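Trainee: I would like to learn how to read a few features of a protein model. Where do we begin?

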Amino acid sequence: MSDRNATQVLIVGAGPVGLTLAIELGLRGVECTIVERGDGVLRVPRMSSVSARGMEFCRRWGIADTVRDAVWPRNYPSDFVYVSTMIGEELARLRVPSYDDRVGKLDYSPEGGAVCPQIYFDFIVAAKAKSVPGVSIRYGIKLESFEQDASGVQAVVSDVEGTEMTIAADYLIGCDGAGGTVRRQLGIALDGLGPIATSVNVFSRSAEFITMQDEGWARFFRCFDDDGCWAEAIAINSKDLWRLSVFHDATPDMTGVSYLRKLAGRDFAFEVLDVTSWQRRDILAQSYRRDRVFIAGDAAHEMSPTCGAGMHTGMCEAVNLAWKLAAVYDGWGGERLLESYEAECHPLANHFVELSTKTFNAISALPGATDFRNVVDADPGLLRRLSMPEQYRAQICYEDSPICVSDETPPLEGDALLTPSARPGTRAPHCWLAEGQSILDLFGTGFVLLRFGSLDFDIEPLLTAGAQRQVPLKVIDLHQAEAASIYKKPLVLVRPDGHFAWRGDALPEDGLALLDYVCGA
């Protein structure tokens, strides 16, 4: 489309989720426009790190190293430290290895998570989006309203001077956050507990802060007084920027000074850059779609950031939706493919909303400094559970998906989420095929049929079906014993988003029926 005010997909919001969606659509040949009411510059970090799964997306886009090296040196640890004050007693420490000690050596991801707060991450991802043909980002543009019919969506937007214009699109995706326009105009109701705490973020600059304890750099400092764990301080860069999150204070100190001095245990040199009081929420939209309009990210769910799962969930939603929209444009994706977006992503978001609240409640309910060490001694796995191991977020599964063929294996729960699984609906597990090459590097465009071991399996029915339906499908033969032992079955069909669609000992006789099912026909 050449008309500046017409596009295939209109995305509202240029945060991480909207940018992810634009990159994924653009790389698949779908033209999209992002409208963002802000100027594209973030001054206060809300998100502080990128999950392992998010880094796998960045790996596919070619920006993983840029994200990883943005602020955090590769030889710095990412420890969780539990303290009374910065000059007081260290109560416990969960050691998290540096990048040098874990990148390329993990058994669950080729990347692992990365320290890259949103004030840096959004800039990197936006630069990538701008480099993708067919992607346009228009800052200073606010969505006012929209209407839709069977042929498309008409969105009324305004610029910073109040001038209104209309943008026509086939689809509209609301990635405009919790207070955005799209979900509200759709009238989608909300479930969940609602507000669970009044929290306060204090963004500050202090080179002295890290010197007040003698074990060097760490990423998180969780802070205790006589009543329990009251806040956590997070390193925003590797120099002098910090974000202190006070878990609950109904009458917040909007100067931030008392919180910083309480954390430190004495006065010290600091500059307060921003203080924000906000509601920590447990909220999930009842629906993700109304006809040609979808929502994703914080527009669809709000969760305590304690687990670091908010942006992670939203990015997974964006990748899920993008390949399905592209498949519809390419002519091989059926209507059930778009219906499966909500069916797959809504339950997963519900899981992370509940888990985030549960983890926040567990941390904020920890006893005071005097008793905390006894609690840790009695439950050696407590610190790791409370740090939310990123393996849980890497090994996600779309349970009961309407486009994945069940093999009757049991759902993944609890510690089973830490074990690689090839259960249909699950994100394909990582393993190394060669130096620097993960099996995940094979996925990301069309469907991939992995054939382990023997070449005698008859795959012609599926190839014929793929050609007939014009579905992008390639066959890759693998002979690595480790990969075969993880993937279990000799034939495994992987979707464009890297999740399993089907696996078995032999292909069904009707290859066309299998392909139609997983393509939503």
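Mentor: Begin with contact, which means heavy atoms within 4.5 Å. Keep in mind that this model is predicted.

Trainee: Which elements do the buried residues of helix α15 pack against?

Mentor: They pack against helices α8 (310-330), α9 (335-364) and α13, and against strands β21, β23 (491-494) and β24 (500-504). The buried residues of α15, which spans residues 511-518, are Gly511, Leu514, Leu515, Asp516 and Val518.

Trainee: Why do residues three or four places apart in an α-helix point the same way?

Mentor: An α-helix has 3.6 residues a turn, so residues with that spacing point the same way.

Trainee: What caps the N-terminal end of α15?

Mentor: Asp510 does, with a side-chain oxygen 3.2 Å from the backbone nitrogen of Leu512. After α15 comes Gly520, with a positive phi near 70°.

Trainee: In which sense do β21 and β22 pair, parallel or antiparallel?

Mentor: Strands β21 (residues 447-452) and β22 (residues 473-478) pair in the parallel sense, over six bridges. As one example, Val448 has Lys474 in β22 as its bridge partner. Together with helix α13 (residues 460-469), β21 and β22 make a right-handed β-α-β unit.

Trainee: Now a charged residue. Is Arg280 buried or exposed?

Mentor: Arg280, in strand β15 (residues 271-285), is buried yet has no salt bridge. A salt bridge needs a nitrogen-to-oxygen distance within 4 Å, and the nearest side chain of opposite charge, Glu232, is 6.2 Å away.

Trainee: Which side chain makes a polar contact with the side chain of Arg280?

Mentor: That of Ser199, at 3.0 Å. Arg280 also touches other residues, including Pro195, Phe247 and Phe360.

Definitions and conventions: Residues are numbered from 1 along each chain as its sequence is written. This is a predicted model: local features need pLDDT of at least 70, side-chain atom pairs count only at pLDDT 80 or more; totals for chains, interfaces and linings use all residues. Side-chain values use heavy atoms; hydrogens and water are left out. Two strands pair if DSSP finds at least two bridges between them. Helices (H or I, at least four residues) and strands (E, at least two) are DSSP runs, numbered from the N terminus. A crossover is right-handed if, with the strands pointing away from the viewer, the path from the first strand over the helix to the second runs clockwise. Buried means under 20% relative accessible area, exposed over 50%, partly exposed in between (1.4 Å probe, protein chains only). Lys and Arg count as positive and Asp and Glu as negative; His and the chain ends are not counted. A polar contact is a pair of N or O atoms within 3.5 Å; within protein, one must be able to donate a hydrogen and the other to accept it, and residues adjacent in sequence count only if both atoms are side-chain atoms.
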